[in-house]
Amino acid sequence: MKKEERLVKKITQKSKDFSKWYVEIIKKAEMADYAPIKGMMVIRPYGFAVWENLQNLLDLRIKETGHSNAYFPLFIPESLLEKEAEHLEGFSPEVAWVTHGGKEELEERLAVRPTSEAIIGNMYSKWIKSYRDLPVLINQWANIVRWERVTRPFLRTTEFLWQEGHTVHETAEEAQKETMMILELYKEFTESELAIPVISGIKTEREKFAGAEATYCIEALMADGKALQMGTSHFLGQHFSKVFNIRFEDRNQKLQYGWQTSWGVSTRLIGAVIMAHGDDSGLKLPPRIAPIQVVIVPISVGDWQKTVLPVATRIKNDLKQAGIRVKLDQREEFTPGWKFANWEMRGVPLRIEIGPRDIKNNQAIAVRRDTGDKTPVALKELKEKVSATLADIQKSLLKAAFKYQQDNTHEVDNYEEFKSVLENQRGLIKTFWCGDSACEDRVKNETMGTIRAVLLDKDKSGKAKGKCVLCGKETDKLVYFARAY
RNA sequence: CGGGGCGUAGCGUAGCCUGGUAGCGCACAGCGUUCGGGACGCUGGGGUCGUGGGUUCGAAUCCCACCGCCCCGACCA
């Protein structure tokens, strides 16, 4: 009871006003703050540390699969951006343009990159001459600007950070294989590091990336029942290689256009982590990406500086040596109770309390952020217990998120039920769709639901055929509908 | 970009209708007592009342324009 009162007092409840909760958590946990420019935010040190952890973990995977990092220019000449018509049309409403250098008006406008296919394609055409130059497997970590009308911290900001892979291959099969490999890599990454389960599949024509042949995606279900696109992997075919003239002489001495892919995830993932795991007490960060995995709060009573603090310090050093990101909060201006609440707000996965009573018993109290469980742990076992508990928290966060996803995935076979689910419960709707964009548009107009992904064959698990939820036509397209961010 | 709502200290707000010294809580600073779930007392600092213009002797308050934010639609990682 007391606990609930406290929470109500401090932050908006997640269930009561999700949007407000989300923004409040971000500000109070010092993840980010609004900048004095519309739609732009400052990622504060705590939030940026999450990004750095996430980035490192993903970067490792990208490199393990044979890719190298590089960096391309922020500005893209208009003439380059114009080359792929569909691409330009898709992005032009949200491109920021540089028109002046100092006082001089530029002869050609420069786009602030909304994505880098164009500038990278331009460079690749210079570098690729032979099949021996392939595959080109390059990734870049960069900032992107898209002039969005509606923005939200992390989920959609005018400028955001991301990673974009751009590869070129000899054959369509190879490029397709790369596209799918990255899709799987993203899926594995979000599940094992962010503890967010995702659905994956292919986008419809309507939803695919401007200029791509096919867009594959991972999508996660958020706590308000809306779906969030977490990452995309595009099979670009030869669209860009044809317009940027990326040609090579193949093994039969014939000139061929390269087969390309591009793929990316962004700082949006941080927003997903906040929404997926957070609760009324604040953030819950998965241990794998938490800037602080363990916080030690000494109980500052009596001559604690002489009795408690040395033990707390020793614990800190032990854990640090074991490779755990640990912080000892020995500030005197705050009471233990305040610190408990504060670190919970910031989502630290595990707290260790140690006071005079514990010292006597040669123990400390370990408190889990995910469950709230308090367990006394013998000091000599602490290192092992902490490591094990962190691993368990990571697992249980994923498990809880997975359960939520399952509980909110509705298999539906008629449109009445479809509408009612989307209206009342939201969540993911798994159903058949004929493939006709007229049916897709009708759903969007009537329910605001969109097709998040068309399931790939391997994920269909037996359900090969069914009837379109709208028109009733026989189809093999099993899809997920949802309202989306 | 349409429809609605809101801008007063870092945050949450009172005051606006009926023009006349900007107030409160939290946070912040200092000192002291505290400290096992958001401590308490005393003292103190902090305000272009979103911005610009107008009306008026006088504007947070009335009028106009603009900007920003939130919600609901259209567009998107």
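Just after helix α10, Gly 323 takes a positive phi of about 85 degrees. Helices (H or I, at least four residues) and strands (E, at least two) are DSSP runs, numbered from the N terminus. The structure is a predicted model, in which local features need pLDDT of at least 70 and side-chain atom pairs count only at pLDDT 80 or more, while totals for chains, interfaces and linings use all residues. Residues are numbered from 1 along each chain as its sequence is written, chains are lettered from A and ligands numbered from 1 in the order in which they are written, and side-chain values use heavy atoms, with hydrogens and water left out.

**Helix α10**

- Helix α10 covers residues 304-321, 18 residues in total, and reaches 24 Å from its first C-alpha to its last. This is close to the 26 Å expected at 1.5 Å a residue, where the expected span is 1.5 Å times one less than the number of residues.
- Trp 304, Val 308, Leu 309, Val 311, Ala 312, Ile 315 and Leu 319 of α10 are buried. Buried means under 20% relative accessible area, exposed over 50%, and partly exposed in between (1.4 Å probe, protein chains only).
- These buried residues pack against β15 (294-298), β16 (326-328), β17, α12 and α13 (382-407), contact meaning heavy atoms within 4.5 Å.

- Six of the six residues of β18 are buried, so the strand is largely enclosed by the rest of the structure.
- In a regular strand the side chains alternate between the two faces of the sheet. In β18, Gln 363, Ile 365 and Val 367 point one way, and Ala 364, Ala 366 and Arg 368 point the other way.
- β17 and β18 run antiparallel and are joined by four bridges; two strands pair if DSSP finds at least two bridges between them. Glu 353 has Ile 365 in β18 as its bridge partner.
- β18 and β19 (residues 374-378) also run antiparallel, with five bridges. Gln 363 stands opposite Ala 378 in β19.
- The hairpin of β18 and β19 has five residues between the strands, and Gly 372 there takes a positive phi near 80 degrees.

**Surface near RNA strand B**

- Of the 43 residues around RNA strand B, Arg 156, Thr 157, Arg 268, Arg 351 and Asp 358 come nearest. A residue is near a strand if one of its heavy atoms lies within 4 Å of it.
- The surface has 14 nonpolar, ten polar and 19 charged residues. Ala, Val, Leu, Ile, Met, Phe, Trp, Tyr, Cys and Pro count as nonpolar, Asp, Glu, Lys and Arg as charged, and the others, Gly among them, as polar.
- Helix α11 (336-345) is among the elements that each supply at least two residues, and α11 gives the most, with seven.
- Of the RNA atoms within 4 Å of the protein, 38% belong to sugar or phosphate and the rest to bases.
- A polar backbone atom of Arg 357 is 2.6 Å from a base oxygen of RNA strand B.
- An N or O atom in the side chain of Lys 444 is 3.1 Å from a phosphate oxygen of RNA strand B.

**Backbone features in loops**

- The peptide bond from Leu 134 to Pro 135 is cis, with omega near -5 degrees. Pro 135 lies in the loop between α6 (117-127) and β7 (136-145).
- Phe 154 is not a glycine, yet has a positive phi of about 70 degrees. Phe 154 counts as buried, at 1% relative accessibility.

Terms used:
Polar contact = N/O pair within 3.5 Å; in protein donor to acceptor, adjacent residues only side chain to side chain.
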